[in-house]
Structure formats: structure tokens, C-alpha cells
Amino acid sequence: MSAAIKADAEAKMKKSVKGLHDEYALLRTGRASPALFEKLPVEYYGTKTPLSQVANISVPEARMVVIQPWDKGVIGDIEKAILASDLSLTPSNDGKVIRINIPPLNETRRKELVKQAKAVAENYRIGVRNVRRDVNDAYKKLQKDGDLTEDDVKKALDEIQKITDQTIRDIDRIAGEKEKEILEV
């Protein structure tokens, strides 16, 4: 029972780190990234479909994204989806492919993005701490019910704390890397 609680906690904390990675991939920096566009919903024959399922997204240069739809008839819908998104980017459509130049970020926008990135990381830290709290409560309940000794609970709580500390260090490292990436000129 005790091992299952620990394994569940570890899995949830790893999901938090992966979730932070995924969310940061969607955060626009001054660099071109296909991840910015992959999940962008495009109207495709009456259905909202992720852009990655209707087109090839490539980055031929550091500040340019090229989107090549598999079906040329959807190129206008892709362009509309990009314009309607909150990315603040202007696509250039030549009838075959869409080119998007990623302009460098100004200092004010960089600071806003760093603030946003820090807030996202803090939300994930809070989530990890909530997992720790729930696990600690579960162990204490097992002790109260007589299923675990006080020493077993103390040992388990120490292990969970170590896992929590490592996960938060991972989140801090990822957040630091993203902040550095945003502030790059």
C-alpha cells in the first residue's frame, strides 16, 4: 500500500514536469518553433483540427516558420486561424505555403513573457506541493488506522519530501532555461 502511494505521487510529479514543458512550448519567444502552431485549431471540413494534422510545419531559419498544408484548399483556413490566434503574427500566403516571420520581441514584451513563465512555473510548484500534502495525509491516515508504524510513516514522508524537492528543482531548472531563452536577443 505504502509503495503504491509513493509510486502514484512520483508519477503525478513527473506529469507536472512534463506539463510545464508542454506549456512552455506554447509560450512564444523571439525564436521560431513549430510547437507554437502544432495545436492551433484550424477549421477543416467543418471540424476544428490541430494544425499539425493538416500541414507540415518546419523552421528553415531561426526566425521563420513555414507551413505547408497537405490539402491546398485549407490554406485560407490556416491563415485565418493564425490571424485569429493570440500569437500576434502575420502569415504570408503564396498559394502553396504559408511563411511566418517571427519578429524579435521588444523589452516590454520580454518582461511580460518572463512574468507569465514564472507564474506558470509557480502553478506547477503549487501542484507538486499539493500532491505532497495529499500523500502525507494518506500516510498519516494509514498510521492512524494502524497499518503503518510511526517510523515507517516518518521514513515515507522523508522519501516523499526528497522526491518533491527534486521535482521542484527540475521545475526551477526548466523555468530558468525558459527565462534565459525569452531574454535572449
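The exercises below concern this predicted model.

**Exercise 1. Determine the strand order of the open sheet of four strands and identify its edge strands.**

Step 1. Tracing the pairings gives the order E3-E4-E6-E5, with antiparallel pairing.

Step 2. An edge strand pairs on one side only, and this holds for E3 (55–61) and E5 (91–93).

Step 3. From one strand to the next, the twist averages 25°.

**Exercise 2. Describe the pairing of E1 with E2 and characterise Tyr 45 in the turn.**

Step 1. E1 (residues 41–44) and E2 (residues 47–50) are antiparallel, and four bridges link them. Pro 41 has Pro 50 of E2 as its bridge partner.

Step 2. Two residues separate the strands, and the unit is a hairpin.

Step 3. Tyr 45 is located in the loop between E1 and E2. Its phi is positive, about 50°, although Tyr 45 is not a glycine. As background, most residues other than glycine have a negative phi.

Step 4. The relative accessibility of Tyr 45 is 67%; because the threshold for an exposed residue is over 50%, Tyr 45 counts as exposed.

**Exercise 3. Which residues of H3 are buried, and how are they arranged about the helix axis?**

Step 1. In H3 (residues 75–84), the buried residues are Ile 75, Ile 78, Ala 81 and Ile 82.

Step 2. Viewed down the axis of H3, these buried residues lie within an arc of 120°, and therefore they line one face of the helix.

Step 3. Exposed residues Lys 80, Leu 83 and Ala 84 are carried on the face of H3 turned away from the buried side.

Step 4. The cover over the buried residues of H3 includes H2 (35–38), together with the strands E1, E3, E4 (64–69), E5 and E6.

**Exercise 4. Classify the packing of H1 against H4 and against H5 from the angles between their axes.**

Step 1. For H1 and H4 (residues 107–144), the packing angle is about 175° and the axes are 10 Å apart. Angles over 145 degrees count as roughly antiparallel, so H1 is roughly antiparallel to H4.

Step 2. Among the residues making this contact are Ile 5, Met 13 and Leu 20 of H1, and Val 120, Val 128 and Val 135 of H4. Sorted by class, the contact of H1 with H4 has 15 nonpolar, three polar and five charged residues.

Step 3. For H1 and H5 (residues 150–183), the angle is about 5°, with the axes 10 Å apart. Angles under 35 degrees count as roughly parallel, so H1 is roughly parallel to H5.

Step 4. This contact includes Val 17 and His 21 of H1, and Ile 160, Ile 163 and Asp 170 of H5. By class, the contact of H1 with H5 has 10 nonpolar, three polar and five charged residues.

**Exercise 5. Where is Asp 22 placed, and how far is its C-alpha atom from that of Pro 41?**

Step 1. Asp 22 belongs to H1 (residues 2–25).

Step 2. With a relative accessible area of 32%, Asp 22 is partly exposed.

Step 3. Asp 22 and Pro 41 are 19 residues apart along the chain, and 17 Å separates their C-alpha atoms.

Key
Residues numbered from 1 in each chain as written. Predicted model: local features only at pLDDT ≥ 70, side-chain atom pairs only at ≥ 80, totals over all residues. Heavy atoms only, no water. Pairing = 2+ DSSP bridges. Axes fitted to C-alpha atoms, helices over the stretch in contact; angles between N-to-C directions. Buried < 20%, exposed > 50% of the residue type's maximum accessible area, 1.4 Å probe, protein only. Arc of directions from axis to C-beta. Contact = heavy atoms within 4.5 Å. Parallel < 35°, antiparallel > 145°, perpendicular 65-115°, else oblique. Nonpolar A, V, L, I, M, F, W, Y, C, P; charged D, E, K, R; others polar.
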